[in-house]
Amino acid sequence: MKLRQNHKKYSSLLENIDDVKQAISLISPFIKNMIKFPMRKFNGPIGEKQLIFESKIKKNFLENRCNLFSLCSSPEYFLEKGKNLFFEDYLAYQFWITSLEIEQELIYKFWPKTVVQQCIHAGLISQKLTLEGTKLLSNFRIIPFRDMFLIADRYDRTYNDMVYLSYDSLVLAEFLAEVNYQGQVICDICSGSGILGLTISKNCPHKQNESVIHSIDINPRAIECAQVNSALNELALQGHVSTYSNCKSFISTSDIVVFNPPFIFGPASRLLLDSDGGEQGIEHTFNILKLINRNLKIGGRYIGISQSPIIQGKDVLWNAVQQFETLEINYHVLDEFKPFSRYSEWYASHGVEAIRQIIIFGDRMPTKAAKIFNNKSEIGKYCFS
Ligand SMILES: C[S@@+](CC[C@H](N)C(=O)[O-])C[C@H]1O[C@@H](n2cnc3c(N)ncnc32)[C@H](O)[C@@H]1O
């Protein structure tokens, strides 16, 4: 799998962050028009609970400008879906997601020339001269989430180091924002675009410049991206390019640890750095919980999102976390669905009957804590205090 060469660097966005802010403020009214097309991630089988949950997010997003437009399946899926959409809106929508090149003149139908020029100047859009004329290509996605704007890579999974602000992160960020999950020192493990730590910090009861976010990611592009997003939203963030196994000292000094690690269990051909969950898909989630169990201070909180396969009727992650002596474990099942049909043979040969999408959270306790197994669909109703 390729790593990016000659890609537009996030760090160059950081150098001219004021231009980026200005360009985003210019296109934000147009982006608002586009967000009427929320899309779910999976083209494949999906459970009823997930659909109910999504319809809630969709309602929230229509009312509060909370966004789902960045969510994407394959570009082909959008091309097919797009047939039913008003073409120009659809095209504008496509432009900020995929690696689609669009004629400059066509883009001028959606955005005034000055706005496009400002985006080019800020590095958000590239110009490409071709025999058929000038084409434009978005370099990044711009994602409005509540009262923040975030940047991530456009959708191009031919690169192993693509920074993808995923559906799961938006679900967890919605949860964090709704329950006002507060903390002054935040450790965001496998931070990607940085959305989770930034969302907690945004709701921090302390002055925002007093809260500290430690973002940890093995992908240098992800850390650059998180730094741009913190600058864009005027929140303080310290980025660390590292594997999570070297982040004990950040865990031990944090009030909250949040994580969205790679957790997909599936054939290698469908997995990248941001999705490969290792053994049974729970390797990273389990290792992170192990670190938290040993290093988080008593009373410190953790919250993460993951998946877990059901094998021989048993939830593999749920079984594994029973061994943690000092972690309160609340296990909330968001959805349970059949494995991706395209790879059904692979899943059958590994004994996977179903996959659960879960949120796991709790406090570090002085002694073994009660464990609660939640299986309700209305996650916004949960409160931590
Ligand atoms: C599911 S993505 C996180 C998405 C992120 N919350 C967002 O929405 O932008 C998982 C992230 O874990 C990172 N990662 C993978 N292995 C890692 C490791 N051993 N240590 C730290 N980060 C890792 C990937 O680079 C990727 O950014």
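These legends accompany several views of a predicted model. Residues are numbered from 1 along each chain as its sequence is written. In this predicted model, local features need pLDDT of at least 70 and side-chain atom pairs count only at pLDDT 80 or more, while totals for chains, interfaces and linings use all residues.

**View 1. The protein chain.** The chain holds 14 helices and 14 strands (DSSP runs numbered from the N terminus: helices H or I of at least four residues, strands E of at least two). Of its 385 residues, 44% are buried, that is, with 20 or more other C-beta atoms, placed from the backbone, within 10 Å of their own.

**View 2. Residues around the ligand.** The shell has 21 residues, and S169, C190, G192, S193 and N219 come nearest (a residue is near if its C-beta atom, placed from the backbone, lies within 6 Å). Helix 9 (195-202) and strand 7 (212-217) are the elements that give two or more residues to this shell.

**View 3. Helix 10.** The 13 residues of helix 10 (residues 220-232) should span 18 Å at 1.5 Å a residue, and the end C-alpha atoms are 18 Å apart, which agrees; the expected span is 1.5 Å times one less than the number of residues. Eleven of the 13 residues of helix 10 are buried, including R221, E224 and L232. E234 follows helix 10 and has a positive phi, near 55°.

View 4. Mean pLDDT (the predictor's confidence in each residue, from 0 to 100) is 80 for the protein chain. It stays under 50 over residues 35-46 and over residues 64-83. Where pLDDT is low, the predicted coordinates should not be read in detail.

Methods. A residue is buried if 20 or more other C-beta atoms lie within 10 Å of its own, exposed if 12 or fewer, and partly exposed in between; C-beta atoms are placed from the backbone. Two residues are in contact if their C-beta atoms, placed from the backbone, lie within 7 Å.
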